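Student: Can you walk me through the charged spots in this protein? I'd like to go through them pair by pair.

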Amino acid sequence: METEDLRFMKRALRLAGRGAGRTHPNPMVGAVVVGKGCVLGEGWHRGPGQPHAEAEALAKTGFRAEGGTLYVNLEPCDHYGKTPPCTEAILRSGIARVVVGCEDPHPLVNGKGIRRLRGQGVEVLTGIGRSEAEELNRAFLHFARWNEPYVTLKLAATLDGRTADSSGKSRWITGEKARRAVHRLRSRVDAVLVGSGTVVADDPMLTVRGIPGSRQPLRIVLDPELKTPVKARIVQSAVDGRTVLITGAKTDAGKRRSMEDRGVRLLTLPLPSGEFCWSDLAPEFVSLGVLHLLVEGGPRTATWFLAQSAVRRIEYFVAMKFLGETGLASVMDLGISGLPDAPEFDLRGCRKVGGDVQITADAR
């Protein structure tokens with residue numbers, strides 16, 4: 001039977017989820033104030049500079065919060081940022097008990113909020129709904145722990161693992177509902193990345209479409225030889241450096257100027273072995289403010305991220321069709337000798353999306 005604590009925590013998690021795609025670079029947080037088994041007030045974080053969930057919920061509750069319980073999916077902060085510490089609002093309110101979904105590993109928090117509350121006599125219970133709380137903010141938590149982006153790899157392929165036909169065309173392997181699911185994924189990340197091969201073959205826009213209220217992610221192209229055409233839609237629609245091409249140093253200076261004149265931001269990185277290295281790329285993504293990176297590239301880009309052990313989650317859309325040997329494989333040579341060396345993932349979920357199937361799996 002579901003406990004009362006878990007029931008109210010699930011309510012806090014649902015509130016937190018309203019901030020999906022809006023709170024960057026902050027986590028998604030929801031809060032519920034309860035007294036004598038009744039909800040007295042609730043809130044959720046809407047974005048940077050806006051009140052934190054705890055402060056909003058307590059403001060709505062007022063004096064009735066005294067002696068009550070606060071449910072929050074992430075550890076309250078105890079530092080000044082764009083808003084005051086949540087611990088101060090909690091202590092002023094007279095809340096007697098705080099139930100926390102999971103701890104916040106961010107260096108500015110990292111247990112300080114819980115210690116502050118306990119030190120002031122507030123009972124704090126942690127770990128209620130932990131798995132759901134960690135799943136909701138998985139990208140934020142990964143970034144806070146490792147200071148590198150959380151990478152989701154999106155693949156779309158046939159039942160026999162073919163991502164394009166013999167001519168290289170990949171539109172449209174999956175159906176409309178699967179494509180809408182991809183737009184929903186885009187709406188919840190900080191950046192969408194493809195390789196230059198995808199730009200040349202498909203001329204994608206990489207924008208979010210059909211998802212009301214969503215912000216547009218950064219558009220990033222891995223392009224070591226600067227093969228992206230100046231006439232590509234991603235270049236022609238570039239605005240304020242929100243389109244980023246990552247390239248090598250030995251590329252055409254005239255083409256670089258043409259790209260920059262059209263609002264494209266160029267990042268130049270060393271290519272010690274003819275290819276990029278994750279250890280060089282990751283800090284660049286951090287400098288761009290990318291906590292969650294969605295990789296949508298073709299087989300070469302997917303293979304590179306897998307070989308670099310950079311992928312944390314796979315979203316695999318499988319179309320119920322076959323292309324056979326004439327189709328292009330979704331992943332190329334990973335440079336492994338056999339099954340013992342194969343990258344392994346744990347199945348997290350599987351659902352029907354229109355006529356297709358979406359498989360979600362996490363790196364081990």
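Predicted model: local features only at pLDDT ≥ 70, side-chain atom pairs only at ≥ 80, totals over all residues.

Student: How many salt bridges does the structure hold?

Tutor: There are 21 salt bridges in the structure. One of them joins the side chains of R11 and E42, at 2.8 Å from N to O. That pair ties together distant parts of the chain: R11 is in helix 1 (residues 4-16) and E42 is in strand 2 (residues 38-44), 31 residues apart.

Student: Is R11 buried, or partly exposed? And what about E42?

Tutor: R11 is partly exposed, because its relative accessible area is 33%. E42 is partly exposed too, with a relative accessible area of 21%. The cut-off matters here, because buried means under 20%.

Student: OK, next pair. What does E135 form a salt bridge with?

Tutor: E135 pairs with R348, and their closest N and O atoms are 3.2 Å apart. This also links distant parts of the chain, with E135 in helix 5 (residues 130-136) and R348 in strand 15 (residues 345-353), 213 residues apart. E135 counts as partly exposed at 22% relative accessibility, and R348 is partly exposed at 45%.

Student: Which residues are linked with E135 and R348 in a network of salt bridges?

Tutor: R138, R313 and D362 are linked with E135 and R348 in that network.

Student: And K154, which side chain does it meet in a salt bridge?

Tutor: The side chain of E296, with 3.8 Å from N to O. K154 sits in strand 6 (residues 150-158), while E296 is in the loop between strand 12 (292-295) and helix 12 (299-307), so to speak a link between distant parts of the chain, 142 residues apart.

Student: Are those two buried or exposed?

Tutor: Both K154 and E296 are buried.

Student: Switching to the surface: which residues gather in a patch of positive charge?

Tutor: R180, R184, R188 and R351 make up that patch on the surface. R184 is in helix 7 (residues 176-187).

Student: Why does R184 count as partly exposed?

Tutor: Because its relative accessibility is 31%.

Student: Last one, T87. Where is its place?

Tutor: T87 is in helix 3 (residues 86-93). T87 is buried, with a relative accessible area of 0%.

Student: What does T87 touch?

Tutor: Leaving out residues up to four places away in sequence, T87 touches P76, C77, D78, G113, R116 and L117.

Conventions
Residues numbered from 1 in each chain as written. Heavy atoms only, no water. Patch = residues over 30% accessible without salt bridge, like charges linked within 9 Å, V, L, I, M, F, W, Y side chains within 5 Å. Areas by Shrake-Rupley, 256 points an atom, 1.4 Å probe, with all protein chains shown as cover. Salt bridge = Lys/Arg side-chain N within 4 Å of Asp/Glu carboxyl O. Lys, Arg positive; Asp, Glu negative; His and termini not counted. Charge placed at Lys NZ, Arg CZ, Asp CG, Glu CD. Helix = DSSP H or I, 4+ residues; strand = E, 2+ residues; numbered from the N terminus. Buried < 20%, exposed > 50% of the residue type's maximum accessible area, 1.4 Å probe, protein only. Contact = heavy atoms within 4.5 Å.
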